[in-house]
Every structure is written in structure tokens, then in C-alpha cells.
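Subject: A structure for you to look at

Hi there,

Here is the structure I promised to pass on to you. Have a look at it first, and then read on for what turned up.

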Amino acid sequence: MSDQLMTEAVAAPGMPSARMARMFEWASERGTLIAGLSLSAFVLFIGFVAPFIYPVDPFAIHPAHALEAPSRMFPFGTDELGRDELALLLSGGLATLIVSLPSAVLAFVVGVAYGLASGLGPAWLDRLLMRLLDAVLALPSLIILLFFASLVTLNDTSLILLLGFISWPSLARLVRNETMAQKGRDFVLATEQLGASKFYVARVHLLRVMAPILVVNGTFMVGDAIFALSALSFLGLGVQPPQVSWGSLLETGLDIIALDPWWMILPPGIVVFAALLAASLTGQGLLARWGNRQ
Amino acid sequence: MIKMVASRLASSTLSIVILVTLVFFMVHLTPGGPAYSILGQKATAASVAEVNARLGLNVPIWQQYFVWWWHLLHGQLGYSYLISRPVGQLLWQYELNTMVFYSVSIVLSTLLSILLGLVQGVYYGRWPARLIGAFQLGFYALPPFFVAAMLVLWFAVGLKILPANGIVDLREAHPGIGSYAAHLVLPVITVSLLTVCSLSRYFGEAVHEELQKDYVRTAAAKGVAFPTILVRHVMRNALRPLVTILGLSFPYIFTGGVIVESVFNYPGLGWLMWRSALSQDYPILIAIVLIIGILTVLGNLLADLVNGLLDPRASYE
């Protein structure tokens with residue numbers, strides 16, 4: 001601590017301002033992380049807790065109140081059938097999160113396994129797996145998603161599998177490159193000399209060394225999954241009616257946009273934005289924190 | 001240079017072949033199949049067999065695969081199941097629309113990114129750069145469908161100054177170029193807003209990095225004016241990563257494109273892909289997947305070539 005201060009004092013004559021800048025940088029990193037975590041808590045609250053606090057049936061129809069702007073009776077207005085838009089938003093949150101969170105976990109596991117297999121396996125396997133990866137990465141994931149979503153019967157399980165098995169490639173490449181970089185290091189070689197299996201090396205050494213990168217990328221993947229599911233639902237190939245999701249709610253509003261139903265478009269848009277921002281801020285906050293430590 | 005282009009092209013072609021093969025087999029191994037999507041779920045076995053024979057779906061799958069490649073090499077992409085027109089013919093108009101849409105968007109976002117990135121690089125760490133940084137982070141997280149919907153709500157529904165739908169005003173007998181341009185405004189703004197976030201960020205970082213280097217100090221010491229250093233020296237070096245990123249981001253721009261085209265009902269490839277996915281029109285889907293794969297490869301290749309021109313050292317790597 002004092003060493004660092006000394007060096008700084010010598011290096012920068014304007015020491016106070018240099019220190020101030022450092023402090024501000026640190027504070028803003030911490031701020032990013034805190035903002036990200038609180039936004040995440042907010043999004044999780046909307047999806048998992050709020051439906052119990054506001055227990056209104058989202059599918060109850062009030063024809064006399066169809067397409068009404070927010071009022072005391074319906075805080076977020078009603079849709080074209082006269083359903084309570086706030087209740088729909090909360091129910092859509094549950095539907096969105098219950099698919100995208102498991103799918104991110106699945107993609108994470110597949111990506112790590114694929115990357116480790118490629119990095120630790122024989123050279124021919126590595127070449128084969130990396131070629132396959134190139135082919136998959138040659139296309140935007142939404143294109144592949146649209147394609148396969150048109151092939152299968154869409155329900156929660158199939159959506160989780162679909163999103164999970166399509167969003168892993170970039171993590172797989174990262175894990176593979178990181179494995180390649182780490183596996184020649186002395187402690188890994190020493191462990192192998194002592195007779196440890198590749199699984200042991202992967203579990204005890206590689207995964208621990210990679211843990212910060214994995215957590216940061218896992219966070220980003222949650223955001224990607226929420227975005228992908230919302231985009232698919234928006235295009236009519238995600239969560240299917242009668243279930244609603246944030247993406248499909250926005251789409252319903254857009255269908256009748258000529259009637260200016262801003263209350264049907266703003267809330268679902270803002271919560272998706274909040275969810276994506278939460279993942280992005282949390283990831284960046286963690287990255288800044290751990291990037292400095294190393 | 002030629003060697004580099006050749007090796008890049010070869011490895012990318014291999015990737016595309018693997019991809020198309022995977023896609024082809026997966027489509028044809030799924031139960032149900034296109035006959036049902038034409039005739040409906042209550043179709044009789046006889047009419048299904050008849051449709052399968054007409055579409056060439058009754059021969060063994062490996063034979064269909066080779067027939068498909070054979071046709072592909074002759075420029076035939078098959079027939080759309082639902083519209084009964086050759087896919088190649090059908091795609092051409094949509095492809096043209098998409099190209100116009102993307103060229104305008106990419107030119108606009110590149111110019112904007114250079115401008116913002118220069119400001120961010122020069123004022124690195126101070127409030128103008130921080131402000132731009134906050135906008136980049138915020139807009140980066142904005143989902144394209146939300147941006148598009150808000151733009152329609154403000155400019156088309158509220159202010160009524162821009163059209164919200166289609167490529168041209170159908171009420172006009174001979175729509176002029178102005179009508180086409182007006183219909184492009186909102187889609188282009190949507191795509192550009194989202195693209196500029198990441199592009200300008202990369203460029204800003206690059207400008208900041210270049211400004212720290214010795215050659216900048218040397219140029220300043222011999223009395224070169226700062227704007228000249230920025231334009232003649234720094235930009236030339238900082239543009240390289242921008243070009244690479246632009247080449248790599250091509251498929252992601254297309255991702256935004258599918259959503260944006262579907263919101264604005266702009267008849268481009270993304271819109272067609274969406275409609276075909278909803279109606280399970282596989283020949284069109286496969287053709288579009290193929291085209292996007294090729295465009296991606298060409299985008300990357302083009303980025304490499306431009307980098308070779310900007311910096312001769314790059315072509316020897």
C-alpha cells in the first residue's frame with residue numbers, strides 16, 4: 001500500500017489528482033457492479049416475487065375495458081382484449097425467465113465441456129471440433145434459432161434445449177483457447193507427471209484458473225439468452241399463446257400500433273432493456289474487478 | 001497476399017459446406033415434413049405421397065442431398081413449397097432490397113462511429129468520452145424491437161412525419177425515389193443506433209491507444225498540427241481494427257436486420273426468412289442460410305483485403 005503510494009508520488013507530481021482519478025475509477029467500477037446486481041435483483045423480483053404481490057389473473061378478460069390507458073383500476077392499462085397489462089407483464093416475466101435462465105446454464109455447460117474436450121483431447125479431435133465451431137459461428141445465432149424454431153414443436157422444454165444448444169459456441173472457443181494457454185504451464189505438467197487424469201487436471205486446475213472468465217461470460221450469456229428468447233417470441237417463434245412473454249407482449253402492442261397503445265409497448269420494452277442492462281453491467285463490473293486483480 | 005486470400009477462402013468454404021450439410025440433414029430428418037404444411041395436418045396418405053413425389057421428397061435422403069448440391073452448382077436453389085416459384089428468382093428482389101438497406105446503414109454507422117470514436121479517443125477519461133461511453137453501454141443493451149417500436153410510436157404514429165411500414169407507398173402509381181428513401185429512414189436509424197454503439201467504442205479505444213504512441217509525439221515535436229496528426233497518422237492506424245470489427249459484425253448486423261425488417265415489414269431477406277420460418281418453407285430457409293453464410297465469409301474477406309491496403313504489413317502475416 002505505502003509502496004504503491006510512494007511510486008505514485010514520485011511518478012506523478014500532481015499526486016492528489018492522480019489518486020483522485022484512481023479512486024474515481026475504482027468507485028465507478030464498483031458502481032457498475034452494484035448497479036448491475038441491483039438491476040438483476042429488480043428483474044428477478046418482477047419475474048418471481050411480484051406475481052405474488054399483485055395476484056391478479058392475467059388472462060381474465062374485461063371486454064368493457066378493452067385497450068384502456070393506465071388508470072387506477074388497471075395500473076398499466078389493458079390490452080385489446082381487456083386483459084390487465086400489469087398482470088400480463090408479470091406473468092410474461094416468469095415465462096421469460098423460466099426458459100432463459102436454464103437455457104443459459106445449459107449453454108454454459110455445453111460450451112465449457114466442448115472447449116475442454118477440444119483443448120485437452122487429441123489433436124485431430126481439436127481440429128474437427130474447431131472446424132465445426134467455425135461453421136456454426138459463420139451464421140448469426142438468431143438465424144439458426146429461427147430455422148430450428150420452425151422445425152420443432154415449441155414449448156418450455158424445447159425452447160430451453162434450442163436456446164441452450166445454440167448459444168454455446170463463443171464460450172467454447174474461449175474455454176478452448178484458455179485451456180491451450182494453461183495446459184503447458186508448470187503446475188499442470190507437474191500434476192500430469194504425478195499421474196493425474198485429464199479430468200482431474202480440468203476439474204482441479206483449469207476450471208479454477210478460468211473461474212473469473214467463466215463467471216463473467218456466464219453473466220453475459222444470461223443476457224444473451226433473455227435477448228434471444230424475447231426476439232424469438234417477438235417474431236412469433238418463441239413462447240406460444242396462450243402463454244405470454246415480454247417479447248410477445250411487445251409484439252401484440254406493435255400489431256395495433258396505429259392506435260397508439262404506448263402502455264402496451266413501453267413496459268415490456270423497458271423490462272427487457274433492464275434485464276439486458278443488468279447482465280451487461282454485472283458482467284462488466286466483474287470483469288473490471290477481476291481484470292485489475294490479475 | 002494472393003496466398004492469404006486463397007487460404008482464407010478455402011477454410012471458409014469448408015466451413016460453409018459443413019454448415020449447409022448439417023442444416024440439410026437436420027431439416028429432412030424431422031418428422032412431419034413439408035407435405036403436411038402444404039396440405040394441412042388432416043391430409044390423406046395418398047395426397048401426401050403425391051406432394052412428396054412432386055417435390056422430389058420420396059427418394060432416399062442421400063440422393064436428395066446430392067441432387068440439391070448439383071442444382072446448387074447450376075444456380076438452381078429449388079422451388080418454394082408454398083409459392084411454387086424458383087427460390088433463386090424469388091430471392092433476388094428481396095436480396096436487392098436488403099443490400100440497399102444495409103449499404104445505407106453501414107455507411108451511416110461507420111461515419112458516425114468515426115466521429116464519435118475520435119471525440120472519445122481525444123477526450124479519453126474526461127466528460128465527453130464518459131458521456132459517449134454511457135450512451136454506448138445503454139444503447140448496446142437496448143433490444144432492437146423496442147427501439148424500432150418506439151421510433152414508430154414517435155415518428156409514425158405520434159408526429160406522422162415518416163411511414164412505418166413497407167418499402168414504398170402503395171397508393172402511388174409510380175412511386176419516386178423519395179418514397180423509397182422515406183421508408184428507409186426509420187429502419188436505417190434503428191440498425192445504425194445499435195451498430196454505432198460497439199463500432200464507435202472499438203474505434204475510440206483504438207484512437208486512444210494510438211495517441212499514446214511515440215510517432216504521435218515525434219510528429220507533435222516537429223510541429224505538425226494536432227488535427228493533421230489525428231487525420232493523417234492516428235486515423236490510418238486506428239481504422240484497421242474498425243475494418244476488422246465491421247467485417248466480423250456483418251452477421252450480427254443481419255440479426256438486427258431480421259427483427260428490424262419484420263417490425264417495419266420491409267421486404268428484405270430477413271423478412272423473407274422470418275415469413276418462411278413461420279410457414280416452414282425449407283428450400284427458402286436453406287437458401288437464405290446459405291446466402292448469409294456466404295455474405296459473412298465475403299465480409300470477413302473484404303475486411304482482410306481493406307486492411308491489407310491500409311497497412312501492407314498485414315498481408316504478410
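Let's start with B:Met273. Leaving aside its neighbours within four places in sequence, this residue is in contact with A:Ile143 and A:Leu146 from chain A, and with B:Val258, B:Leu285 and B:Ile288 from chain B. Please keep in mind that the model is predicted.

B:Met273 also belongs to the largest nonpolar core, which has 133 residues. Together with A:Leu145, A:Leu146 and B:Ala149, B:Met273 is among those with the most contacts inside this core. Which helix gives the largest share of the core? That is H9(A), with 15 residues. As background, nonpolar side chains tend to be buried together in soluble globular proteins.

Next, the place where the chains touch. The contact takes 34 residues from chain A and 38 residues from chain B. On the chain A side, the elements that give two or more residues are helix H4 (123–137), helix H5 (141–149), helix H9 (198–234), helix H10 (246–255) and helix H11 (262–293). H11(A) gives the most, with eight residues. If you sort this side of chain A by class, you get 26 nonpolar, five polar and three charged residues.

Now for chain A as a whole.

One pair of helices in chain A is worth a look in the viewer. The axes of H9(A) and H10(A) come within 7 Å and cross at roughly 35 degrees, and the crossing is right-handed. From H9(A), the residues that meet H10(A) are A:Leu229, A:Ser230, A:Ala231, A:Leu232, A:Ser233 and A:Phe234. Their partners in H10(A) are A:Trp246, A:Gly247, A:Ser248, A:Leu250 and A:Glu251. By class, this contact has six nonpolar, four polar and one charged residues.

The loop between H9 and H10 of chain A holds A:Pro242. A cis peptide bond joins A:Pro241 and A:Pro242, with omega at about 10 degrees.

Two other loops have a backbone detail for you to find. In the loop between H10 and H11 of chain A sits A:Asp260, which has a positive phi of about 60 degrees although it is not a glycine. Is A:Asp260 buried or partly exposed? A:Asp260 counts as partly exposed because 13 other C-beta atoms lie within 10 Å. In chain B, look at B:Asn265, in the loop between helix H11 (250–264) and helix H12 (269–279). B:Asn265 is not a glycine either, and its phi is positive, about 50 degrees. B:Asn265 is partly exposed too, with 13 C-beta neighbours inside 10 Å.

Last, turn to helix H9 (residues 214–221) of chain B. This helix is hardly covered: the count of buried residues among its eight residues is zero. After H9(B) comes B:Gly223, with a positive phi near 95 degrees.

Enjoy exploring, and write back with any questions!

Best wishes

Note on methods:
Residues numbered from 1 in each chain as written. Chains lettered and ligands numbered in written order. Predicted model: local features only at pLDDT ≥ 70, side-chain atom pairs only at ≥ 80, totals over all residues. Contact = placed C-beta atoms within 7 Å. Helix = DSSP H or I, 4+ residues; strand = E, 2+ residues; numbered from the N terminus. Nonpolar A, V, L, I, M, F, W, Y, C, P; charged D, E, K, R; others polar. Buried ≥ 20, exposed ≤ 12 C-beta atoms within 10 Å, placed from the backbone. Axes fitted to C-alpha atoms, helices over the stretch in contact; angles between N-to-C directions. Left-handed = near helix turned anticlockwise from the far one by under 90°. Core = buried A, V, L, I, M, F, W, Y, C linked by C-beta atoms within 7 Å.
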